[in-house]
Amino acid sequence: ATFVEYDFIAMPAAPSAAPTKAGHDDDFRGRSLRLTCLGSLARTPALSIPYFLPNGATGGLQILYREGTQTGDRILKACELSAALEPDR
């Protein structure tokens, strides 16, 4: 129903910044799957964009698209959004 009004939904790709190896446990995996499985269950295309946090850790943003909207214009919008999120280095 959301895609009737919107072309895409942006949401976290993980529940927190990337954990250390020791922190990557079943609890983290379960919390991650609750976010990432939505696109799979809805059968929507998704784009995952990594980003850097101020403390140097990494996070991720996922963008879910309405089915049938993988046109060049929509891909271009996603790439522009990705470039806007890229930190100056």
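Predicted model: local features only at pLDDT ≥ 70, side-chain atom pairs only at ≥ 80, totals over all residues.
Residues are numbered from 1 along each chain as its sequence is written, and side-chain values use heavy atoms, with hydrogens and water left out.

Of the 89 residues of the protein chain, 22% are buried (under 20% relative accessible area, with exposed meaning over 50% and partly exposed in between; 1.4 Å probe, protein chains only). Contacts are defined by heavy atoms within 4.5 Å. Among contacts between residues at least 6 apart in sequence, 52% join residues at least 24 apart.

The protein chain contains three helices and three strands, taken as DSSP runs numbered from the N terminus (helices H or I, at least four residues; strands E, at least two). From the N terminus on, the order of elements is α-β-α-β-β-α. The strands form an open sheet with the order E1-E3-E2 and antiparallel pairing, where pairing requires at least two DSSP bridges between two strands. Strands E1 (8-12) and E2 (46-52) are the edge strands, each pairing on one side only. Neighbouring strands of this sheet are turned by 20° against each other on average, direction ignored; the axes are lines fitted to C-alpha atoms, for helices over the stretch in contact, and angles run from 0 to 180 degrees between N-to-C directions. Strand E2 is joined to the antiparallel strand E3 (residues 58-65) by seven bridges, and Ile49 has Leu61 in E3 as its bridge partner.

Helix H2 (residues 26-42) has 17 residues and should span 24 Å at 1.5 Å a residue, which agrees with the 24 Å between its end C-alpha atoms; the expected span is 1.5 Å times one less than the number of residues. H2 bends by about 40° at Thr36, the bend being the angle between axes fitted to the seven residues ending there and the seven starting there. Arg43, which follows H2, has a positive phi near 60°.

The buried residues of H2 are Phe28, Ser32, Leu35 and Gly39, and their cover includes E1 and E3. Ser32 counts as buried because its relative accessibility is 13%. Apart from residues up to four places away in sequence, Ser32 touches Ala14 and Pro15.
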